[in-house]
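This briefing concerns the chains of a structural model and one contact between two of them.

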Amino acid sequence: MLGVKLAIEPDGVQRIIDALTRQGYRVIGPTVRDGAIVYDSIARLDELPVGWTDQQDGGRYRLEQRGDGALFGYAVGPHSWKRFLHPPIQRLWQARREGDEFTVVEDEAAAEPLAFIGVRACELRAIAIQDRVFLGGQYLDTPYKVRREHAFIVAVNCGQAGGTCFCVSMDAGPKVETGFDLALTELVENGHQLFVLEVGSAAGADLVSEFSTRPATEAEIAAAEQVTARTSGQMRRSLDTSGLKELLQANPNHPRWDEVAERCLTCGNCTNVCPTCFCTSIEDTTDLAGATAERVRRWDSCFTLDFSYIHGGSVRNSPRSRYRQWMTHKLAHWIDQFGSSGCVGCGRCITWCPVGIDITQEAAAIRAAPQPPERDVNGRS
Amino acid sequence: MTTAPESWAVPQPLRVTRVRRESSDIATFYLTPASPFAFAAGQFNMLYVFGRGEVAISISGDPGEEDRIVHTVRAVGAVSGALAQLRRSAVVGMRGPFGSSWPLAQAEGSDIVIVAGGLGLAPLRPAIYRVLAHRQHYGRVALLYGARGPADILYQRELETWRRRLDVEIEVIVDHAGADWHGNVGVVPALIPRMSFDPQHTVALVCGPEIMMRFTVAALRDRGLAAEQIYLSMERDMKCAVGLCGRCQFGPAFVCRDGPVFRYDRIAPMFGIREI
Amino acid sequence: MEGLERIVLEHPFFAGLGPEFGAAISGCARNLRFAAGEYLFREDEPANEFYLIRHGTVALELHAPAQPAIVITTLREGDILDAAWLVPPYRWAFDARATGLVRALGVNARCLRDKCEADHDLGYELMKRFVSAMGERLHATRLQVLDVYRPQRA
């Protein structure tokens with residue numbers, strides 16, 4: 001049944017949510033809160049951002065009414081699914097002191113399985129990228145593995161590009177290709193709403209078999225293809241990735257780094273909203289009596305001075321070096337480390353930067369005027 | 001020689017069986033492992049002081065002795081300060097071993113030059129033990145060791161023991177000394193031009209403060225060693241020790257996982273970049 | 001060119017140098033200006049130029065991670081910036097930063113070395129001055145290393 005395309009009405013989406021809830025999933029989806037579309041537990045369709053869309057640009061995010069009843073008529077907001085798969089704060093273990101000895105008890109990974117509704121193509125790619133980070137190396141992040149294995153993903157094909165999107169450049173969307181259990185494409189025509197539903201896995205097929213559906217017609221399938229084709233054409237930004245790794249790694253002293261450093265506040269918003277940033281810090285604490293201790297892992301950012309601190313000072317002291325680290329890691333070093341770019345073109349870093357720094361512009365500026373090679377250290381002889 | 005893929009996060013509580021004060025702020029202590037502890041020279045452990053924190057410390061014992069884990073620590077912060085003050089029978093958390101190691105198997109058949117600066121002798125000591133235990137597999141073996149002053153010389157008795165052998169060259173040099181010191185005074189890189197070794201068949205292992213390593217590498221290159229023949233041990237702050245928290249990145253390399261021992265050609269470009 | 005020759009011969013490093021050598025040196029020379037904070041060169045870069053300071057101060061520095069650059073010494077009007085360009089492997093061993101506006105003479109290293117090989121009298125005149133300047137610098141560095149101002153133990 002994989003790859004089969006069905007047609008469902010909006011109430012079919014409600015039935016998917018209900019079926020997942022019955023099976024014990026915590027169902028998480030987009031919802032409006034504090035003027036933004038965030039991800040949180042949902043139970044009913046009317047908790048989705050029905051009829052909302054977003055206006056995004058560098059340092060700018062506003063919600064607006066669409067004037068129709070689209071359930072998924074917006075792009076991505078400040079949240080990404082990493083906050084559920086790789087939580088901001090997580091206890092790793094507790095230790096109890098007994099005399100001069102102590103015993104350590106590891107925390108069990110969370111039991112409640114997660115179901116995500118509304119995962120975009122760029123977000124599927126981001127999840128795949130984090131899978132590589134946490135599960136693809138010699139050492140595994142076990143809590144991530146448990147959460148990931150039990151997660152059910154209902155993806156959504158984007159009906160419109162966000163203002164800061166450039167997933168097409170990163171070959172990460174807007175059409176979902178792989179990594180989902182079910183995928184929805186919303187068709188709104190003459191006030192009539194319909195979803196083309198694609199089955200992406202055996203778990204997805206099982207879920208859908210619980211209720212009656214009809215196969216999508218040729219016209220409906222064509223209309224669904226049109227949706228993502230149209231969205232592809234709406235990208236307002238692009239990033240030329242050809243030779244980008246070599247370009248950034250060869251230009252650590254480009255004057256552009258000085259220029260962006262004059263704007264960058266090192267606030268770390270970009271690392272916070274980025275769906276692939278994974279850096280964490282570990283904190284060891286103890287209670288006042290010194291009887292129990294715990295180790296907690298929490299999100300960190302390469303923009304903090306503390307992040308690169310070794311005895312005496314921070315290795316990356318200047319904002320210039322910290323911005324350079326973030327961007328070079330994301331677009332260049334990541335490829336050496338994990339075999340792909342760390343960027344999925346979701347545009348969040350551009351939208352949520354208070355001063356609107358645009359990673360695509362910074363890369364283009366460096367590409368436009370690369371510096372000559374400083375010295376060939378290997379050729380030294 | 002590696003930690004299990006899934007249980008790397010939990011420290012084992014181990015007891016200190018012996019402590020030796022090396023100087024006012026440096027101590028060497030021995031831990032007894034629960035089962036034979038195998039590691040490769042150059043690797044490190046994460047040492048945990050209950051409720052206070054954890055730091056990465058190179059293992060400085062003999063890889064051939066699996067019934068003990070030896071660490072030399074200098075007090076530079078809260079956790080290392082506590083480790084440097086440990087007493088016998090204290091309990092310390094340990095997880096490891098982690099990281100890459102000195103290329104001692106690949107270097108068999110070559111001359112070995114070991115250049116240590118200050119506390120950099122600690123991560124190199126396991127390499128010295130291993131080379132001396134398999135002495136017949138190597139050509140000339142030389143140790144150059146630079147310290148601040150005579151009082152700062154680490155492992156002094158062992159150095160004297162090694163020096164009494166006829167098949168190892170040892171040169172110790174200090175930055176300053178009084179008239180009662182009858183050894184070399186000066187800087188380690190200055191010893192390199194006069195050494196006799198065959199640059200074509202030499203592997204150099206270097207560890208010390210970064211400035212010292214830079215100038216040592218320059219002196220070795222001037223003697224004709226290729227970048228592929230020189231290995232360094234790098235240091236960055238570490239938390240997870242397994243390449244998952246991102247903290248120890250040095251360019252594209254994770255020092256905890258791709259290092260701490262690196263072949264010089266791999267990291268040469270990063271050496272020239274400030275604040276990387 | 002004539003003005004440059006005069007500037008060359010007026011520099012304290014060349015004090016007492018016969019005017020017959022002035023033309024040879026100035027043929028390899030140019031006038032340079034550095035703004036405050038500009039680096040004349042960085043550690044490990046090829047040492048292609050012999051710098052003589054005419055005005056201003058240059059700090060010689062070493063960089064290390066997690067600390068500000070360490071200033072080893074500062075050189076002023078009348079000083080020369082080291083002799084790395086004179087001997088192989090022709091690589092600078094530290095950074096050189098202009099601490100304020102600096103005016104300097106830059107003499108192309110290869111040009112000057114070639115001329116010294118061709119004219120050993122010129123070479124010897126320069127060597128004498130170099131050895132003297134480097135000797136003074138070594139002596140000063142030794143005194144610095146002594147750390148004479150450290151608190152004396154009881």
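This is a predicted model: local features need pLDDT of at least 70, side-chain atom pairs count only at pLDDT 80 or more; totals for chains, interfaces and linings use all residues.

Residues are numbered from 1 along each chain as its sequence is written, while chains are lettered from A and ligands numbered from 1 in the order in which they are written.

**Chain B**
- Chain B has five helices and 15 strands (DSSP runs of H or I, at least four residues, and of E, at least two, numbered from the N terminus).
- Its radius of gyration, taken over C-alpha atoms, is 18 Å, close to the 19 Å of the globule rule (2.2 Å times the number of residues to the power 0.38) for 276 residues, so chain B is as compact as a globular protein of that length.
- Of the 276 residues of chain B, 52% are buried (20 or more other C-beta atoms within 10 Å of the residue's own, with C-beta atoms placed from the backbone).

**Contact between chains A and B**
- Chain B contributes 40 residues and chain A 46 residues, a contact being C-beta atoms, placed from the backbone, within 7 Å.
- On the chain B side, β4 (53-58) and α5 (264-271) each give two or more residues, and α5(B) gives the most, with three residues.

**Chain C**
- Chain C comprises four helices and seven strands, in the sequence order α-α-β-β-β-β-β-β-β-α-α.
- Its C-alpha trace spans about 60 × 30 × 30 Å along the principal axes.
- Buried residues make up 25% of the 154 residues in chain C.

Methods. Two residues are in contact if their C-beta atoms, placed from the backbone, lie within 7 Å. A residue is buried if 20 or more other C-beta atoms lie within 10 Å of its own, exposed if 12 or fewer, and partly exposed in between; C-beta atoms are placed from the backbone.
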